[in-house]
Amino acid sequence: MARPALLQRRVSLLSLSLLCLVPLVQSNGNGLAQTPPMGWMAWERFRCDTDCKDDLENCISEKLFMDMADRLSEDGWRELGYEYVIIDDCWMSRIRDKNGTLQPDPDRFPSGIKRLADYVHNRGLKLGIYADMGRWTCMGFPGTTLDKIELDAQTFASWGVDYLKFDGCNSNALEQLLGYPLMSKALNATGRPMVYSCSWPVYIGSLPPEVNYTLLGDICHLWRNYYDIQDSWDSVQFIMDWFFNNQDYIQPAAGPGKWNDPDMLIIGNFGLSLEQSRTQMALWSIMASPLIMSNDLRSLDNAARAILQNKAAISINQDPLGIQGRRLFKEKTKIEVYWRPLVDAASALVFLSRRSDMPYHYHTSLEKLGFGKGNYEVYDVFEGSKPKPLNSTEQFTVSINPSGVVMWYLKPVKTESGAPFMA
Ligand code: GLA
């Protein structure tokens, strides 16, 4: 175990000196992703299912993305902001064409990516695609080595792609250090605005000093900090714990045009209860995370749909200030409190129960939570109640279900000391 750490330190020293040689390129200066991107991505739900013979409905093919584009545009998602349809791994042919250009698998994407992009654009949506900084993608399809970066960026632009997820399997730290900024530059050079999602941090240890979050914010619109989400409550907790345990490092890195990405929303799949689904939606909104669903929009049940289409949660997530929220407290009782400041001195509060017994009655006051003195209006995000008045000194009780949340949107009616403090 000592060796990789040592190696990583050496590489990062090397990285620091090499960084001086990399021309600084600003990709997120292009005005995209001013709020966290929203949309749908194939990976968590559909993985690398290439068996279109036996599983036509679910295999990675142009039909899957056309189906999802239909659903996003016809079932009210697009109007709520869910606009990107994102292809993940396994779309490619196993070989580049004779000019070295990436090409889609001819059987599964017979119309080609440009036609698919047209289909998506005609529905008022945008198309995302996946590539990998390395010799092969994580699933073994052709990768983008350093010499192919410009060509691949141009290919994506010529197809009308609007978003690139750039993974980092099968490359070393030095190649990544050179490749991620180079791809940013190459995307800019195409002249086509494309959101640039970097998986870089997860491959180099997720935290400073290995990860330079300032540089990431300059070149990427969003970045995958940590491990892949899986379809389980354990996985959701594992990810959110990492993000909030490390909030001092990562929370300041986020803002308009630059977002931490704790990975896809898995609401509507098999692993989460109703309470847990609300918890994922609530905390992803507190974290100003991209809201990229990976589920089957063709067969989503109404409960999952209601959570994912909750207008209050979405507007908290998409708040124009773009300040990522933080965990305020972890109580011995296994209740946790999260907070995010919003525009107009409003804010969002989440009370989460990690208990597994019964609904827990948590007693507190806004003053105890650090809010300024005064009167507030409180709106319960998932109950959809009418706003209720609450004075900062008033004791109140919230009943929080096991592995569930109570989420509030609060606005000061009149405060003596202004906005709530930043913890
Ligand atoms: C990595 C990424 C995932 C997904 C797969 C595809 O594991 O982190 O999000 O893109 O590769 O192979």
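Colleague: In S8, which residue is the bridge partner of Gly39?
Modeller: This is a predicted model, and in it S1 covers residues 38-41. S1 and S8 pair in the parallel sense, over three bridges. Within S8, Gly39 has as its bridge partner Ile292.

Colleague: Which residue of S2 does Met41 stand opposite?
Modeller: Strand S1 also pairs with S2, in the parallel sense and over three bridges. The residue in S2 that stands opposite Met41 is Ile86.

Colleague: Are the residues on the two faces of strand S1 buried or exposed?
Modeller: In a regular strand, side chains alternate between the two faces of the sheet. In S1, Met38 and Trp40 lie on one side, and Gly39 and Met41 on the other. Both faces are covered, and these four residues are all buried.

Colleague: How many of the five residues of strand S4 are buried?
Modeller: Strand S4 spans residues 163-167 and is mostly covered. Tyr163, Lys165 and Asp167 point one way, while Leu164 and Phe166 point the other way.

Colleague: In S4, what is the bridge partner of Gly128?
Modeller: Strand S3, residues 126-132, runs parallel to S4 and is joined to S4 by five bridges. The partner of Gly128 in S4 is Tyr163.

Colleague: Which residues are around the ligand?
Modeller: Two residues of S4 that point one way from the strand, Lys165 and Asp167, are among the residues around the ligand. The shell divides into four nonpolar, no polar and six charged residues. Its members are Trp43, Asp88, Asp89, Tyr130, Cys138, Met139, Lys165, Asp167, Arg224 and Asp228.

Colleague: What is the distance from an oxygen atom of the ligand to an N or O atom in the side chain of Asp228?
Modeller: For Asp167, an N or O atom of the side chain is 2.9 Å from a ligand oxygen. For Asp88 the corresponding value is 2.6 Å. For Asp228 it is 2.5 Å.

Colleague: What share of the area that the ligand exposes when taken alone does the protein bury?
Modeller: Taken alone, the ligand exposes 310 Å². Of that area, the protein buries 92%.

Colleague: Why does Asp107 count as exposed?
Modeller: Asp107 sits in the loop between strand S2 (84-86) and helix H5 (113-122). Its C-alpha atom is 8.9 Å from that of Cys52, and the two are 55 residues apart in sequence. The cut-off for exposed is over 50% relative accessible area. Asp107 counts as exposed because its relative accessible area is 69%.

Colleague: Why does Asp296 count as buried?
Modeller: Asp296 belongs to the loop between strand S8 (291-293) and helix H13 (302-308). Its side chain makes a polar contact with the side chain of Arg298, at 2.9 Å. Buried means under 20% relative accessible area. Asp296 counts as buried because its value is 8%.

Colleague: How far apart are the C-alpha atoms of Cys220 and Asp234?
Modeller: Cys220 lies in the loop between helix H9 (213-219) and strand S6 (222-224). Cys220 is buried, with a relative accessible area of 0%. Along the chain, Cys220 and Asp234 are 14 residues apart. Their C-alpha atoms are separated by 29 Å.

Colleague: Which peptide bond is cis, with omega near 5°?
Modeller: Pro209 is in the loop between helix H8 (200-203) and H9. The cis bond is the one from Pro208 to Pro209.

Colleague: What is the phi of Asp263, a residue that is not a glycine?
Modeller: Asp263 is in the loop between strand S7 (259-261) and helix H12 (274-286). Asp263 is buried, at 5% relative accessible area. Its phi is positive, about 90°.

Colleague: And what is the phi of Arg47?
Modeller: Arg47 is in the loop between helix H2 (43-46) and helix H3 (62-74). Arg47 counts as partly exposed, with 28% relative accessibility. Its phi is a positive value in a residue other than glycine, near 45°.

Colleague: Over residues 322-404, how far apart are the end C-alpha atoms?
Modeller: An unreviewed UniProt entry annotates residues 322-404 as "domain: Alpha galactosidase A C-terminal". This stretch is 0% helix and 48% strand. Its end C-alpha atoms are separated by 25 Å.

Methods: Residues are numbered from 1 along each chain as its sequence is written. This is a predicted model: local features need pLDDT of at least 70, side-chain atom pairs count only at pLDDT 80 or more; totals for chains, interfaces and linings use all residues. Side-chain values use heavy atoms; hydrogens and water are left out. UniProt positions are given in the numbering used here, feature names are shortened, and annotations may be inferred rather than shown by experiment. Buried means under 20% relative accessible area, exposed over 50%, partly exposed in between (1.4 Å probe, protein chains only). A residue is near a molecule or strand if one of its heavy atoms lies within 4 Å of it. A polar contact is a pair of N or O atoms within 3.5 Å; within protein, one must be able to donate a hydrogen and the other to accept it, and residues adjacent in sequence count only if both atoms are side-chain atoms. Accessible areas come from the Shrake-Rupley method with a 1.4 Å probe; for residues, only the protein chains shown count as cover. Ala, Val, Leu, Ile, Met, Phe, Trp, Tyr, Cys and Pro count as nonpolar, Asp, Glu, Lys and Arg as charged, and the others, Gly among them, as polar. Two strands pair if DSSP finds at least two bridges between them.
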